[in-house]
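Please keep the sequence and the structure at hand while reading.

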Amino acid sequence: MDPFDPQPATCHVFTYRDGLLSAVGHDLKIRVGRFTVDVDPDASQVEARFDAASLHVVNAVEGQVERPDTPSAADKEKIRSEIRDQVLETKRYPEIHFLSTRITRVGDGYDVTGELNLHGHQKEIRFTTRKNGAHQVAEVSLHQPDFGIKPYRALLGALKVRPDVLVRVEVPLSPSMPVPAVPPRIAP
């Protein structure tokens with residue numbers, strides 16, 4: 001297997017605000033600091049492990065624009081603590097684990113099905129990767145309540161995080177990982 005860790009690979013979680021007071025909150029880009037992704041050289045299996053306590057806020061996001069100075073360092077640390085203690089309960093559930101059960105080539109990426117173990121709950125998920133430069137990019141939307149996670153709420157629910165979060169993992173293509181052949185385009 002080709003192992004990838006947070007040096008050449010990245011994993012981000014995107015959360016989105018909701019509620020009556022959503023204007024005072026932030027949509028967030030959160031980085032997973034410690035994880036491994038092992039890909040078989042023939043791309044027949046993927047296994048990933050994520051340290052749930054290693055999440056930290058990178059910055060706020062407005063639409064497609066990242067706001068590097070928002071939130072403040074103190075707020076980032078407060079959010080990180082709330083994610084660890086209240087949302088993911090990392091002392092009880094320290095690891096998030098994914099193991100593929102089926103991988104098929106699709107265009108320049110892969111259609112991947114597998115079992116995700118998150119917050120003590122196991123659920124089958126499916127996603128399609130795509131080639132982006134020298135990386136394969138996987139994006140999957142996760143509905144937190146499906147895994148027994150109560151989305152963050154404050155001020156009696158007037159400020160909260162939407163139940164669905166987006167997880168984006170990018171791993172570099174390696175010489176031993178086959179790149180799916182892209183069918184030739186036929187000009188009209």
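## The second largest pocket

Sorted by class, the residues that line the second largest pocket comprise five nonpolar, four polar and five charged ones. This lining is made up of 14 residues, and those nearest the centre of the pocket are Phe14, Val61, Gly63, Gln64 and Arg168. Two or more lining residues come from each of the strands β2 (10-15), β4 (27-32) and β15 (164-172). The space within the second largest pocket amounts to about 260 Å³.

## Confidence of the model

The model is a predicted one, and the pLDDT of the protein chain averages 83, with 80% of the residues scoring at least 70. Confidence is highest in strand β10 (residues 109-118), where the mean is 96, and lowest in strand β1 (residues 2-4), where the mean is 51. For residues 175-188 the pLDDT is below 50, although in the model this stretch has 25 contacts beyond near neighbours in sequence.

## Aromatic pairs

A pair of aromatic rings is described by how far apart the centres are and by the angle between the planes. Two aromatic pairs are counted in this model. One of them, formed by Phe35 and Phe50, is stacked, with 5.7 Å from centre to centre and 25 degrees between the planes. This pair links distant parts of the chain, since Phe35 belongs to strand β5 (residues 35-39) and Phe50 to strand β6 (residues 46-51), 15 residues apart. Phe35 and Phe50 are both buried.

Phe98 and Phe127 form a tilted pair, at 5.7 Å centre to centre and with 50 degrees between the planes. Because Phe98 is in strand β9 (residues 95-106) and Phe127 is in strand β11 (residues 121-132), the pair ties together parts that lie 29 residues apart in sequence. Phe98 has a relative accessible area of 5% and is therefore buried, and Phe127, at 12% relative accessibility, likewise counts as buried.

Arg49 and Leu99 are 50 residues apart along the chain, and their C-alpha atoms are separated by 8.9 Å.

Key:
Residues are numbered from 1 along each chain as its sequence is written. This is a predicted model: local features need pLDDT of at least 70, side-chain atom pairs count only at pLDDT 80 or more; totals for chains, interfaces and linings use all residues. Side-chain values use heavy atoms; hydrogens and water are left out. Rings of Phe, Tyr and Trp (its six-membered ring) pair if their centres lie within 6.5 Å; planes under 30 degrees apart count as stacked, over 60 as edge-to-face and the rest as tilted. Helices (H or I, at least four residues) and strands (E, at least two) are DSSP runs, numbered from the N terminus. Buried means under 20% relative accessible area, exposed over 50%, partly exposed in between (1.4 Å probe, protein chains only). On a 1 Å grid over the protein atoms alone, a cavity is a set of points where a 1.4 Å probe fits but cannot get out, and a pocket is an open set with protein on both sides within 12 Å along at least five of seven lines; lining residues have an atom within 4 Å of a point. Grid points are joined across faces, edges and corners, and a volume is the space filled by probe spheres set on the points. Ala, Val, Leu, Ile, Met, Phe, Trp, Tyr, Cys and Pro count as nonpolar, Asp, Glu, Lys and Arg as charged, and the others, Gly among them, as polar. pLDDT is the predictor's confidence in each residue, from 0 to 100. Contact means heavy atoms within 4.5 Å.
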